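Here's a quick briefing to read with the structure open beside you. Have a look at the fold, then work through the points by topic.

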Amino acid sequence: MDRFINLYIFTFNCARLLIDTDFVAEHFFHALPQSARDGDNEQSIYDAPEIIVLSLQEIAPLAYAFLGGSFLSAYFDAFRRALDLAVSKQWGSEVEYVEFTRENSGMTAMMVFVRSDAADQISWTEMAQVGVGFLEMGNKGAVGTRLGYTVEGGQNETVDLTFVAAHLAPMEEEYERRNEDWKSIVERLVFANKKEMRRRNRASGGDREENIALLSNDNSSDESASHSGIFAPRSHLFFAGDLNYRTSDTMPLKDDHRRFPQPTADVDSPRHFSHLLKNDQLTRELQKRKTLHGLSEEPVTFPPTYKYSALACLEARLGNQQEWKWSKHRWPSWCDRILYLDLPSWMKERGRVQPHVYNSLPLFPTSDHRAVALSVSVPLEPIPGPSDISQSDDVRLLPPFQLDPNWESRRAAARNKELIVGFFAYLSTTWEGLGLLLATGIGAVGGWLVLSSILEG
């Protein structure tokens with residue numbers, strides 16, 4: 001097995017602000033293998049990845065995120081521009097990417113880009129959304145994309161890839177709530193098997209494309225079989241986001257900040273981040289099999305990704321990040337993570353998923369989180385079913401939780417709540433909404449005066 005699909009997965013908590021596109025573009029490919037960054041393709045199978053996935057949390061203010069649609073366009077477009085700049089800087093005009101999906105579940109969003117010369121290999125896509133926040137709304141939640149990458153000469157066989165962007169419950173003491181959020185995602189992030197066949201029509205100038213979706217009905221006669229969760233027998237799985245697992249079960253005490261990590265190369269120093277990493281909740285809960293069942297993570301060799309102070313963000317903008325400046329009321333933690341599901345046991349002798357670089361990016365000036373990225377190669381071979389299902393305990397076949405039969409109605413009800421909350425938040429927290437209220441009020445008063453004048457006359 002010597003053919004691979006190269007992926008670049010990027011996760012970032014945007015802190016509800018528009019990004020600095022130039023700054024993000026400058027550092028976007030920080031987690032490419034060194035040989036790819038240097039343009040030396042002979043040292044690595046990894047070059048310009050076929051697929052780039054963006055997992056975005058707190059992409060926009062709550063009002064815009066809950067209303068969705070055009071209210072989010074500026075925030076998505078900023079990442080599109082940043083990616084275009086990053087690609088141009090890295091590979092010049094030789095490489096272009098087609099935007100395949102931009103989707104959100106409340107404040108959590110996902111964008112998927114495919115290299116233009118590989119775009120025709122994507123034969124179908126599926127989307128899924130779930131909220132796990134207040135009243136199951138999308139202040140916290142997950143959005144998923146599943147796609148089929150056609151294997152050349154494989155008689156329409158596809159390598160199936162599932163990507164999930166997630167944002168779980170915050171606060172140091174809420175690790176059990178985060179475990180419950182994972183359970184809710186497994187139960188209610190459901191792909192309804194309405195596969196969208198993608199065709200791209202170049203716009204004039206060639207710098208943008210239109211996606212025309214043609215729905216193809218599932219041929220299965222079993223209606224329940226047309227629904228699948230994040231675990232699917234034939235699919236790879238990549239799970240990325242602000243998972244919010246911390247390095248303590250309690251908030252910092254008054255003087256704890258004096259022990260927060262600093263950039264030192266001496267691993268024996270008490271302020272080297274590796275000592276804090278020993279208390280990582282996600283590692284602990286994974287070992288107890290309480291969360292992210294079956295998923296693997298590459299060794300964490302980068303500093304905590306949260307929570308940087310406002311001064312740290314200012315210094316990032318000025319290009320001065322010699323010291324890590326932390327918020328004193330939160331433990332520095334590895335909140336932002338990317339995990340994956342390796343090949344099933346019945347395929348181990350035929351290869352493995354091959355991670356290359358797993359790293360954090362420099363602090364962006366608009367967020368108290370560092371972005372994290374993973375470059376990884378996936379064997380270009382469909383995952384077959386096992387010869388003997390009874391002998392397998394693979395999580396693809398035996399997920400930790402069953403699908404909720406009411407997932408669809410629960411999501412629809414939560415979406416209605418999001419629209420109501422989003423509407424009132426728009427009116428009360430945005431300049432546009434306040435202007436609309438003012439104009440409505442003035443119009444009402446003017447109408448009443450006109451009506452009074454007519455009646456008196």
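**Salt bridges**

Lys-89 has a relative accessibility of 55%, so this residue counts as exposed, the cut-off being over 50%. That value, like the rest here, is computed from a predicted model.

- Glu-26 comes out as partly exposed, at 47% relative accessibility.
- Arg-177 and Asp-181 also form a salt bridge through their side chains, at 3.3 Å from N to O.
- Here both partners sit in helix α5 (residues 175-188), four residues apart, which is about one turn of the helix.
- Another salt bridge joins the side chains of Arg-352 and Asp-342, at 2.5 Å from N to O.
- Arg-352 and Asp-342 both lie in the loop between β11 and β12 (354-360), so their pairing ties together parts that are ten residues apart in sequence.
- Arg-352 is partly exposed, with a relative accessible area of 45%, whereas Asp-342 is buried, with 7%.
- Salt bridges with shared partners also connect Glu-136, Arg-188, Asp-404 and Arg-410 into one network.

**Aromatic rings**

- Searching the whole structure turns up 23 aromatic pairs.
- Take Phe-28 and Phe-29: their ring centres are 4.9 Å apart and their planes stand at 90°, so the pair is edge-to-face.
- Phe-28 counts as buried, at 2% relative accessibility, and Phe-29 is buried too, with a relative accessible area of 5%.
- Which cluster do ring pairs build? They link Tyr-8, Phe-10, Phe-12, Phe-23, Phe-28, Phe-29, Trp-91 and Phe-364.

**Strand β10 and its partners**

- Strand β10 covers residues 235-242 and is mostly covered, with eight of its eight residues buried.
- Strand β7 (residues 158-167) runs parallel to β10, and eight bridges join the two.
- Strand β11 (residues 336-341) runs antiparallel to β10, with six bridges joining them.
- In that pairing, Leu-237 has Leu-341 in β11 as its bridge partner.

**Cavities**

- How many cavities of 30 Å³ or more are there? The count comes to two.
- The second largest cavity holds about 30 Å³ of space.
- Its lining is made up of Ile-9, Val-53, Ser-55, Met-110, Phe-163, Val-164, Phe-238 and Ala-240.
- Strands β2 (51-57), β7 and β10 are the elements that give two or more residues to this lining.
- By class, the lining of the second largest cavity has seven nonpolar residues, one polar and no charged.

**Second largest pocket**

- The second largest pocket has a volume of about 400 Å³.
- Its lining consists of 19 residues, and those that lie nearest its centre are His-293, Gly-294, Asp-393, Asp-394 and Val-395.
- What is the make-up of this pocket's lining by class? There are eight nonpolar, five polar and six charged residues.

Note on methods
Residues are numbered from 1 along each chain as its sequence is written. This is a predicted model: local features need pLDDT of at least 70, side-chain atom pairs count only at pLDDT 80 or more; totals for chains, interfaces and linings use all residues. Side-chain values use heavy atoms; hydrogens and water are left out. On a 1 Å grid over the protein atoms alone, a cavity is a set of points where a 1.4 Å probe fits but cannot get out, and a pocket is an open set with protein on both sides within 12 Å along at least five of seven lines; lining residues have an atom within 4 Å of a point. Grid points are joined across faces, edges and corners, and a volume is the space filled by probe spheres set on the points. Ala, Val, Leu, Ile, Met, Phe, Trp, Tyr, Cys and Pro count as nonpolar, Asp, Glu, Lys and Arg as charged, and the others, Gly among them, as polar. Buried means under 20% relative accessible area, exposed over 50%, partly exposed in between (1.4 Å probe, protein chains only). Two strands pair if DSSP finds at least two bridges between them. A salt bridge is a side-chain nitrogen of Lys or Arg within 4 Å of a carboxyl oxygen of Asp or Glu. Rings of Phe, Tyr and Trp (its six-membered ring) pair if their centres lie within 6.5 Å; planes under 30 degrees apart count as stacked, over 60 as edge-to-face and the rest as tilted.
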